[in-house]
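Reader: I would like to learn how to read a model like this one, feature by feature. Could we take the general idea each time and then turn to the case at hand?

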Amino acid sequence: MDGTKPAGRARQVNENQCQMCMPLGGVIAFKGIENSMVISHGSQGCSTYMRLANVEHFNEPVDIASSGLNEKQTIYGGEANLKKALDNVTRVYAPTVIGVLTTCLAETMGEDLDRIIQDYTKERGATGIEIIPVPTPSYSGSHTEGFWAATKAIMAHYTRHSDHHRRINVIIPHISPADIREIKRILSLMGLDYTLLPDYSMTLDRPYGGTYQKIPLGGTKPEDIAAMSGAPLTIQFGETCPDELSPGLWLQREYGVPLVNLPLPIGLEATDRFLEILQKISGHSLPELLTTERGWLLDAMADSHKYNAEGRPVIYGEPEIVYALSRICTENGAPPLVIASGTKNSRLAELLVPVLADIEDKLVLLEETDFATIDVAAALAGVNIAVGHSGGKFLTERRGIPVVRVGFPIHDRTGGQRILSVGYAGTLAFLDRFTNTLLEAKYASYRTQIKEKMMIRSC
Amino acid sequence: MEECCVQKAGLDACISERQNSISSGGKNKTAIHCADDSLAGSVSQRACVFCGARVVLNPVTDAVHLVHGPIGCATYTWDIRGSLSSGSEMYRNSFSSDMKEHDVVFGGEKKLVACIDEIVEKYHPPAIFVYATCVSGMIGDDIIAVSKAASSRHSIEVIPVESSGFISGNKVVGYRAAAVALMKLIIPKNGETVQKTRKLNFLGEYNLGGETWLIQRYLAEMGIEINVAFTGDSTVAALKQAPGACLNIVQCTGSMHWVAANLEKEFETPFMSVNFFGAENTADSLRRIAAFYDDPEIYRCTEALIAREMDRIRPIIQRYRKKLTGKRAAIYVGGAYKAVAIIRQLKELGMEIVLTGTQTGKKEEYDDISGMLDENAVVIDDANPAELEKFLLEKRVDVMAGGVKERALAFKLGIGFVDHNHDRKECLAGFDGAVTFAHEVYVTTCSPVWKQLKRTLAPEVC
């Protein structure tokens, strides 16, 4: 491997964005808390745009209220609007927790959220509703930081001293509801009790049936979050998570809960590592079902390895998932040539060094980048497959490079919420998608290509 | 705490302050409360000024659309419309000045200048629209001065769009910002003039699913040419020829009425409203256009076209009508002109309209809507999901027409859904569009999946 030094954008203009805004990540984290609602403190447009992005991805109604700031409030302050928004959200949704996420506008206005909420709580008395403010101006971070910041704020808000108990903590990055469910299945198969934060596995992918609930059932319970301080261990899939935003690190520093940061269990090695730790904590060996699933994965890796060797991928998206996907592709003989994220991350380059140690091809690592840059890098590197969210659609449209869809947002295909990539079963599902995408592209054109290459042309 | 969302028949809103924004159908009703700022905390379906401006201008195909602000505003509007282009694909890219903390503190003008220079160097576009957002507006970046200087530095059109999101939660205000920008582009400079022709401009038409092209075909058959559409499949050069039209036809009045009025003032071009959604509306619009030209040959061709198309589609629509008669429909869309057109079309399909709402309707428009509906129908301005849910269930709706955000709710409630938004891929205009619309209404209203869903639905519905 060579050239892992991050190459940022030399240009000023961002052309075709590879990241979403900071409050969006915060919204997703709050949707993982039981009976919660969110208010975006800013212009009406911000909440509508975030709802649109979420609805298109999850195919679920995703309600986000707005304090609806306009010109008057930019001069006199948004306090009255925010209080009214809290009242109205309470009345219509009857939540037990309201996340208040600031926007660029509110932060630029210098809104003092803590004071407003303190006032509000004093004025309204005991409403039984917890209000958790999180500053999320998108000029200082992407949806990735928004997700971590909100998760940490939720934890800091609820966690109290707790007696030691056996439930382990599991903190996840921004992954699909299907991925969360698979992690939970594995934990249960290992016979472990756990608190998973934030758990939007049911709230952002609800089964049909019964009376429609304005706030979907499910989510991590506040009382469980409160007791995370008494856990024997925290597993956090957040190797790229910055220290200052790390919920697991905060818990370790505040309450001494040991933190194990792991890569997302995507790929054989990463899943093995996750399960080794679970075996150690639980004292149980790998159950037969997981052993079988591991066997199926190994079998598939062998069956597909020659096809996968033809893969020359570009991988893009949020740092944590990009890191995990780089590992699985490398493990299967298709190391990435371009790795890109719209988010700036101080860890990614360093983490990739051992992963790509034996790879001769030069890697291009792009951070805080855009799709115009990714497009050029992919073309120069001779990429033939892309792995990431729907933002890469122009790679297909303009360069004929197919995209294996994973991550957020998936707005041009259905089922973004159901894309499964973690654990042995998820890894296998991902691998099949990857291999078959290569095969589909190959069968679509190899006859013509070979003909053009091999036959003597008559003049 | 008050009881959450009292579920009783009637027109109660969950939030008392929203009470006056909900009314019923029938004539001589008390006026609906509308065109106001959205209520804080009410989960309005509306967007912002920037959104309004961007959707109107974005279909200008060969222009660069540069959003001056932090990343989100550009991300969420990247390639957001289903507008098609016959040439340049530049408009499908999303450019952002990607303001960071430093720019917010020290001002973003320098970065904006650099962005414009980079874009000109890379693409040499004929025009750049520079959109203001909440933050750039709030910190007082002078996009007008920056645009003016860049215009003369590069000898291209750099046009500021004053679309700071916080100015209003109402897209209509953004439509105006876009309209002002368009007028800046159109009005000839340096004493140039544009020769008048017999062509017409088609305002408020965005070429979703190729709709501009379809109407162009109809008009060509009548012997009439389109000068330029605003803004579907338009180019900067074509828009500059706008003063050469002898007539402006206006479809989406919300976005383009002001432009039409100004084109009349500046260039003495008369304008008329048209509506190509639904067969009857299409025929009526084509006849009125023909009447403007008042030419026997045009009259003859128009009638021939209408007769032929009506004969062709009537039996098809009849077939759908048989399947759809008596089904109950709801409409929640952005603009009132669209709501009115959909009401007409659904009625032609024999359906009962039990709920109609818009994000941006005006009082007179709501009077029209109420007049078309019977007294049991609900009319609603700036609805929120809780209200939509309540009425969709209460009114036992079979199918809803609306935007993406409403789609997920409808499906969750086991209700069919017709996409009538700016992201849609199908042509719903003209005679062909009327058939497509009927087909869409049919496949979703009468889909076999609802039977399966209803089998598992809890007996208690509202």
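**Domains, sheets and packed helices**

Author: Let us begin with the domains of chain B, which the assignment gives as domain 1 (16–30 + 314–456), domain 2 (49–186) and domain 3 (200–306). Please keep in mind throughout that this is a predicted model.

Reader: How many residues of domain 2 of chain B are in contact with domain 3 of chain B, and what distance separates the centres of the two?

Author: The size of an interface is often given as the accessible area lost when the parts come together. Here the description rests on residue contacts instead: 26 residues of domain 2 of chain B are in contact with 22 residues of domain 3 of chain B, while the centres of these two domains, taken over C-alpha atoms, are separated by 27 Å. On the domain 2 side, helix 1 (49–57) and helix 7 (171–186) of chain B are the elements that give two or more residues to the contact, and helix 7 of chain B gives the most, with 8 residues. Sorted by class, that side of domain 2 of chain B has 15 nonpolar, 7 polar and 4 charged residues.

Reader: Into which domains is chain A divided, and how many residues do domain 1 and domain 3 of chain A bring to their contact?

Author: Chain A is divided into domain 1 (22–141), domain 2 (168–282) and domain 3 (288–448). The C-alpha centres of domain 1 and domain 3 of chain A lie 35 Å apart, and their contact takes 5 residues from domain 1 of chain A and 7 residues from domain 3 of chain A. The 5 residues on the domain 1 side divide into 2 nonpolar, 2 polar and 1 charged.

Reader: What can be said of chain A as a whole, in its helices and strands and in its radius of gyration?

Author: Chain A holds 17 helices and 14 strands. The radius of gyration of chain A is 23 Å, close to the 23 Å that the globule rule gives for 459 residues, so chain A is as compact as a globular protein of that length. Along the principal axes, the C-alpha atoms of chain A fill a box of roughly 85 × 55 × 45 Å.

Reader: How should I read the sheets, and in what order do the strands of the 4-stranded sheet of chain A stand?

Author: Strands of a sheet pair through backbone hydrogen bonds, either parallel or antiparallel. In chain A, 4 strands form an open sheet in the order 3-2-4-5, with parallel pairing. Strand 3 (65–66) and strand 5 (130–134) of chain A stand at the edges with a single partner strand each, so one side of each is left without a neighbour in the sheet. Strand 4 (residues 97–102) of chain A pairs with strand 5 of chain A over 5 bridges in the parallel sense, and the bridge partner of Leu101(A) in strand 5 of chain A is Val134(A).

Reader: Which strands of chain A does helix 1 of chain A lie across, and which does helix 7 of chain A lie across?

Author: Helix 1 (residues 22–30) of chain A lies across strand 2 (36–41), strand 4 and strand 5 of chain A, and runs at about 170° to strand 4 of chain A. Helix 7 (residues 143–158) of chain A lies across strand 4 and strand 5 of chain A, running at about 140° to strand 5 of chain A.

Reader: What is the strand order in the sheet of 5 strands in chain A, and which strands are at its edges?

Author: The 5 strands form an open sheet in the order 12-11-10-13-14, and the pairing is parallel. Strand 12 (364–366) and strand 14 (403–405) of chain A are the edge strands, each pairing on one side only. Neighbouring strands of this sheet are turned by 15° against each other on average, direction ignored. Strand 13 (residues 385–388) of chain A is joined to strand 14 of chain A by 3 bridges, and Ala386(A) has Val403(A) as its bridge partner in strand 14 of chain A.

Reader: Where do strands of the two chains pair, and how many residues of each chain are in contact?

Author: Strand 1 (residues 14–15) of chain A pairs with strand 3 (residues 95–96) of chain B over 2 bridges in the antiparallel sense, with Ser96(B) as the bridge partner of Asn14(A). In the contact between the chains, 64 residues of chain B meet 59 residues of chain A, and the chain B side has 37 nonpolar, 15 polar and 12 charged residues.

Reader: Finally, at what angle do helix 11 and helix 12 of chain B pack?

Author: Two packed helices are described by the angle between their axes and the distance between the axes. Helix 11 (residues 279–293) and helix 12 (residues 296–324) of chain B pack at about 175°, with their axes 9 Å apart, which means that helix 11 of chain B is roughly antiparallel to helix 12 of chain B. Among the residues making the contact are Ala283(B) and Leu286(B) of helix 11 of chain B and Ile306(B) and Met310(B) of helix 12 of chain B. By class, the residues of this contact divide into 10 nonpolar, 1 polar and 1 charged.

Note on methods
Residues are numbered from 1 along each chain as its sequence is written. Chains are lettered from A and ligands numbered from 1 in the order in which they are written. This is a predicted model: local features need pLDDT of at least 70, side-chain atom pairs count only at pLDDT 80 or more; totals for chains, interfaces and linings use all residues. Two strands pair if DSSP finds at least two bridges between them. Axes are lines fitted to C-alpha atoms, for helices over the stretch in contact, and angles run from 0 to 180 degrees between N-to-C directions. Two residues are in contact if their C-beta atoms, placed from the backbone, lie within 7 Å. Ala, Val, Leu, Ile, Met, Phe, Trp, Tyr, Cys and Pro count as nonpolar, Asp, Glu, Lys and Arg as charged, and the others, Gly among them, as polar. Domain bounds come from an automatic or database domain assignment. Angles under 35 degrees count as roughly parallel, over 145 as roughly antiparallel, 65 to 115 as roughly perpendicular and the rest as oblique. The radius of gyration is taken over C-alpha atoms; the globule rule is 2.2 Å times the number of residues to the power 0.38.
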